[in-house]
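Please examine the structure shown here with attention to its charged side chains.

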Amino acid sequence: DTAPETLRGCEGCHGPGSAHLEDEKFGHIKNPRKLTGLAAVQMCFQCHGTERKISGWLQTPHAKAGVNCGSCHEMHKETKQPALLKAKATALCLSCHPDQEASFRLNSHHPVLEERMTCVDCHDVHNEGLNTKDALKAGNDRCIRCHMEKQGPFVFEHQTTPEGGDANCLSCHKAHGSANPRLTQYFGRGVCLQCHADIAAEPKHLPRVGNCYQAGCHNHMHGSNADRQLIN
């Protein structure tokens, strides 16, 4: 037990036992299930405050929705899951996010239901509220960790925002699942036309159904070392 001496045992979390015994209505016992906001997690941060700031946790979407430590973690008994999780991480997430489970059942999807990856591979559930509202891990790192061949650096980058700069994978791809191949936001060259609206929707040199790269031209969507038109 690495907790300070004063925080070990029942009293370390639930308060002095003497006050509990003297109160006939048991109002002095600290029960996180009956508490909200700061009070609900304050006992956990007595020890875990070295890992993250309680002020940061209170800014997270989970905290604002009333999801606290005891919602996912078992406090009193050992579990077969890491970090005393009540169930597998993905099962816990999808119990509150059924819409995402439906996305994982689309034709093109990340293999989460197949248990080849989990929600926490991309999401930081304990983030300090300074990232996106979905607690996504910073930047494209969450994608590049698995798709390293897309990282570059490339001589000619694919700018995916009007302002240019770093590419954003989610400009073209959906994160969880898509009815389109390769988790794309739109079908076929519709992905490209969201930004390249000046290009004719039906160029004569393209097949009537297909993508811009199927004509053999822009065959390096993520970046090229040969041509600024993303040609190899």
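The questions below concern salt bridges in this predicted model.

Q: How many salt bridges does a search of the whole structure find?
A: The pairs counted are those with a Lys or Arg side-chain nitrogen within 4 Å of an Asp or Glu carboxyl oxygen. Under that criterion, the search of the whole structure gives a total of 4.

Q: How many residues apart in sequence are the parts that the pair K88 and E115 ties together?
A: The side chains of K88 and E115 form a salt bridge, with an N to O distance of 3.2 Å. K88 belongs to the loop between helix 6 (69-72) and helix 7 (89-96), and E115 to the loop between strand 1 (108-109) and helix 9 (141-144), so the parts joined are separated in sequence by 27 residues.

Q: Which loop holds D121, the partner of R145?
A: R145 and D121 meet through their side chains in a salt bridge at 3.6 Å, N to O. R145 lies in the loop between helix 9 and strand 2 (156-157), so the pair ties together parts 24 residues apart in sequence, with D121 in the loop between strand 1 and helix 9.

Q: What is the relative accessible area of K150?
A: K150 and E149 meet in a side-chain salt bridge at 2.6 Å, N to O. E149 counts as exposed at 52% relative accessibility. K150 is partly exposed, and its relative accessible area is 32%.

Methods: Residues are numbered from 1 along each chain as its sequence is written. This is a predicted model: local features need pLDDT of at least 70, side-chain atom pairs count only at pLDDT 80 or more; totals for chains, interfaces and linings use all residues. Side-chain values use heavy atoms; hydrogens and water are left out. Helices (H or I, at least four residues) and strands (E, at least two) are DSSP runs, numbered from the N terminus. Buried means under 20% relative accessible area, exposed over 50%, partly exposed in between (1.4 Å probe, protein chains only).
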